[in-house]
Structure formats: C-alpha cells, structure tokens
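Welcome! Let us take a friendly walk through a protein model, one feature at a time.

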Amino acid sequence: MDLPRRTILLGALSAGMSGILTSPVRAGPGLVGPLKQGGLIIGRLEGEGTVALDDKPLRLSKNRYFAFGFGRDQGKEALLSVTWVDGKVERIPLAIEQREYQVQKIDGLPDAMVTPPAEVLARIKRDNALIGAARARDTEAEWFVQGLDWPLRGPISGVYGSQRILNGEPRRPHFGVDIAAPEGSDIHAPMDAIVAMAEPDLYYTGATAILDHGHGISTSYLHMSRMDVKVGDRLARGDVLGAVGKTGRATGPHLCWRLNWFQERLDPQLAAGPMPS
Ligand SMILES: [Zn+2]
C-alpha cells in the first residue's frame, strides 16, 4: 500500500512537476503538498541556491529538499523566494486555501472543568517547555520526503482545527487527529525518525513521545499506555514506539496524533491521506 505513494512523491519531486506549482520563469522548485491551512509542503530546488518562506530561510538537505507548513489560521498569502547561485531572485507568491473548522458550544459546565487547578500550572509550564524544545530541533535528516504513513488504523474520533467554546470561553483548538483504538494497540513510526522527547507523565497528555523527521518536521503521540522508546533512539518507518492508552486528561483510549513544522501545527490527516482500510 505504501510503496506506490512514496514512488509517486519522489518521482514528482525529481521531475520538478508537482501539478501544484511549477515556476514559469526558471527551473524553479517543485512543490508537493496541499497549499491550504494545516498543509505540509515538501519541495526540491532544481539547481544551486537558497530558499526562504516569508523571509525565513529554509534548510536545504544534501539532495536540496526542503519542507515547510501552514498553521491553522495561516492567512491567504505566503511568499516563497529562491535566490539562485548566480544572484537572481525568484519570488513565488503562494495562495493559501482557507478552511472552516468545527465549532462546538457547551454551556453550564462547572468552572473546575474549564480551568486547570492552580497547583498544576507550574507543571503545565514545565511540560510546555519540554514540548517546545523538542519541536524546535532543526536536524539535517531528510526523512520527511518519505511521506507519512498512519501510525495505526482505527476510526477517526477527532479532527484538526476543531474548537470548543466552554461557558462562553473559546478554548484552544484541537491540533491533532484522534484515532480510536483499543488500549495497548501498537503505534508505528510514520516515517524514519529520531526520538526527540519521551516523557512518561505530562499533565494533559500523559505518556507523550515526539519524533523528529528532520528540518523541523515532527510528529507527536499523546496519552500512550506504554512507551517503548527513549530520547535519541533511531527509528525506521514502521517501528513500534509505544501503545495506545488514555493517560493524562483523556476520557477513553485513543491516539492523539500531531504533526508540526517547528512550532507551527499542521494537519496530520492532510499529510497522511485517506486511511487504508
Ligand atoms: Zn486529540
């Protein structure tokens, strides 16, 4: 199931023709991925040069691959600029498709359910610092060109971008995709990775792992019942990293799966495509 998709992805990149964007001016970058909010985009520079998104330089791998993504609330426009080795600059405006997200209003909840107790605030702050540091890693691996496999199969029980308004207060949107599965189901690495974080007990998300796929592309695994990896472990695509659980603040066993480009939260479902049956 996985091989054809991978071949197509690499084939399209090598040929520099993505069907999404090809530069009419020069042999510009080939891009693969949805130009929409939550989208992960992989590109390859067809020549010597440097590339930047909205003036932020993008790391080029030894095979001149680069990656970037658009967050949930990304605006309609972004600018990719390529500076070729001869000094010529190519500016490529990108039109970003805007999405609509599910919003759910729930009123009349007791306040204790809405606000975390004061004594856990320090712990939450520490957790967030660990997560932020793991996602800030900028490593030279180009594993992200493999394309994402689903880490396990099961019904989708929560989607990216959805938001709840509790007692009139908008809460943080949901940034992952939730996959319902029995407690103890194996979770597989969606592509090659190095383990960037493996914490047994975060306040909100329980046992939580973060995998680094290179160039700031990371995936996160929340609420696990079992952690099989430690920081620094090298994983091949398909390796088991842990098991589905409901640790932290979760009501039932599921995998909350997340995808990031550095701190920018992307939609794993868009990147992985339809789940194979
Ligand atoms: Zn979730």
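In which strand is glutamate 199 found? Glutamate 199 sits in strand β14, residues 193-202; helices (H or I, at least four residues) and strands (E, at least two) are DSSP runs, numbered from the N terminus. Because its relative accessibility is 18%, glutamate 199 counts as buried (under 20% relative accessible area; exposed is over 50%, partly exposed in between, with a 1.4 Å probe and protein chains only). Alanine 209 is 10 residues away from glutamate 199 in sequence, with 6.4 Å between their C-alpha atoms.

A word on the basis of all this: the model is predicted, with local features needing pLDDT of at least 70 and side-chain atom pairs counting only at pLDDT 80 or more, while totals for chains, interfaces and linings use all residues. Residues are numbered from 1 along each chain as its sequence is written, and side-chain values use heavy atoms, leaving out hydrogens and water.

**The zinc ion**

The zinc ion has His174 (NE2), Asp178 (OD) and Cys256 (SG) as its protein donors, at 2.0 to 2.2 Å. Donors are N, O and S atoms within 2.8 Å of the metal (3.2 Å for Na, K and Ca); water is not among the atoms, so sites may look incomplete. Along the chain, the donors show the spacing H-x3-D-x77-C. Histidine 174 and aspartate 178 are both buried.

**The largest pocket**

A pocket is an open set of points on a 1 Å grid over the protein atoms alone, where a 1.4 Å probe fits, with protein on both sides within 12 Å along at least five of seven lines; lining residues have an atom within 4 Å of a point. The volume of the largest pocket is about 1,700 Å³. Helix α3 gives the largest share of the lining, six residues. By type, the lining divides as follows:

| Type of lining residue | Number |
|---|---|
| Nonpolar | 19 residues |
| Polar | 19 residues |

**A three-stranded sheet**

Three strands form an open sheet in the order β1-β2-β5, with antiparallel pairing; two strands pair if DSSP finds at least two bridges between them. Strands β2 (residues 40-44) and β5 are joined by five bridges. Arginine 44 has tyrosine 65 of β5 as its bridge partner.

Conventions:
Grid points are joined across faces, edges and corners, and a volume is the space filled by probe spheres set on the points. Ala, Val, Leu, Ile, Met, Phe, Trp, Tyr, Cys and Pro count as nonpolar, Asp, Glu, Lys and Arg as charged, and the others, Gly among them, as polar.
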